[in-house]
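I opened this notebook to keep a record of what I looked up in one model, element by element. The entries follow the order in which I asked.

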Amino acid sequence: MSDYRKIMLAVDLTEESLKVAQRANQLVKAFDAELHIVHVIEPLSLAYGGDVPMDLSTVQEQIQDQAASHLREFANSLNVPEARQHLIFGRPESEIQRTAEEAGADVIIVGSHGRHGLALLLGSTANGVLHGARCDVLAVRVGNNDSEAD
Ligand code: AMP
């Protein structure tokens, strides 16, 4: 089995992303790997379709601007240069997979909430990324369910 050389860290830019990033950093150091970061913006039109009878473009622009500056800050704190910061539009599951493939990543790292019950075994995004991924996927346990029995 070969080492991980390129790591794709998927972040939703919530506080939990820090915990997932710490794990990614450990892998980067262990394998002397290159770290990439991806954040996917879900277009409002995808989520709401024609349900909202107003022009969402201004709101969408604000969301994009905020996401761009959050991603930049987050990536800078991890010393990830701009060329390895990926801000993408679409559905998180498929876009994370696509971005990882395009970058030639050998592993995708996502957060997982460790929810209980079959359907909630992994956070939904983590689950979606795992299915159909062409490389390894590492789901890092996040959230505060640690005290519950597994
Ligand atoms: P969720 O299933 O939404 O609770 O998210 C679990 C994990 O999926 C997060 O910790 C991230 O690693 C990843 N993820 C969720 N949403 C996004 C997004 N919009 N962009 C990139 N990664 C995401």
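The entries below go from the overall fold to the strands, an aromatic pair, some loop residues and a pocket.

**Entry 1, ground rules.** I am working with a predicted model, in which local features need pLDDT of at least 70 and side-chain atom pairs count only at pLDDT 80 or more, while totals for chains, interfaces and linings use all residues. Residues are numbered from 1 along each chain as its sequence is written, and side-chain values use heavy atoms, with hydrogens and water left out.

I counted the secondary structure of the protein chain and noted five helices and five strands, taken as DSSP runs numbered from the N terminus (helices H or I with at least four residues, strands E with at least two). Read from the N terminus, the order of elements is β-α-β-α-α-β-α-β-α-β. Of the 150 residues in the protein chain, 38% are buried, where buried means under 20% relative accessible area, exposed means over 50% and partly exposed lies in between (1.4 Å probe, protein chains only).

I began with β1, residues 6-10, in which four of the five residues are buried. Which strands does β1 pair with, if two strands count as paired once DSSP finds at least two bridges between them? One partner is β2, which runs parallel to β1 and is joined to it by five bridges; in that pairing Lys 6 has Glu 34 as its bridge partner, and Ile 7 has Leu 35. Another partner is β4, again in the parallel sense, over three bridges, with Leu 9 opposite Ile 109.

I then turned to β2 itself, where seven of the eight residues are buried, so the strand is largely enclosed by the rest of the structure. Besides its bridges to β1, β2 pairs in the parallel sense with β3, residues 85-89, over five bridges, and Val 40 in β2 has Ile 88 in β3 as its bridge partner.

How many aromatic pairs does the structure hold? I recorded one, using the rule that rings of Phe, Tyr and Trp (its six-membered ring) pair if their centres lie within 6.5 Å, with planes under 30 degrees apart counted as stacked, over 60 as edge-to-face and the rest as tilted. Tyr 4 is buried at a relative accessible area of 17%, whereas Phe 31, at 28%, is partly exposed.

In the loop between β1 and α1 I found Leu 13, which has a positive phi of about 65° although it is not a glycine. Asn 79, in the loop between α3 and β3, also has a positive phi, near 60°, in a residue other than glycine, and it counts as exposed at 68% relative accessibility. Pro 81 has its place in the loop between α3 and β3 and is partly exposed, with a relative accessible area of 37%.

The largest pocket holds about 550 Å³ of space, the volume being the space filled by probe spheres set on the points, which are joined across faces, edges and corners.

Which residues lie nearest the centre of this pocket? Among the 29 lining residues they are Val 11, Asp 12, Leu 13, His 39 and Thr 125. The elements that each supply at least two residues of the lining include α1 (16-31), β2 (34-41) and α3 (57-77). By class I logged 14 nonpolar, eleven polar and four charged residues in the lining, with Ala, Val, Leu, Ile, Met, Phe, Trp, Tyr, Cys and Pro taken as nonpolar, Asp, Glu, Lys and Arg as charged, and the others, Gly among them, as polar.

Key. 1 Å grid on protein atoms, 1.4 Å probe; cavity = no way out; pocket = protein on both sides within 12 Å on 5 of 7 lines; lining within 4 Å. Pairing = 2+ DSSP bridges.
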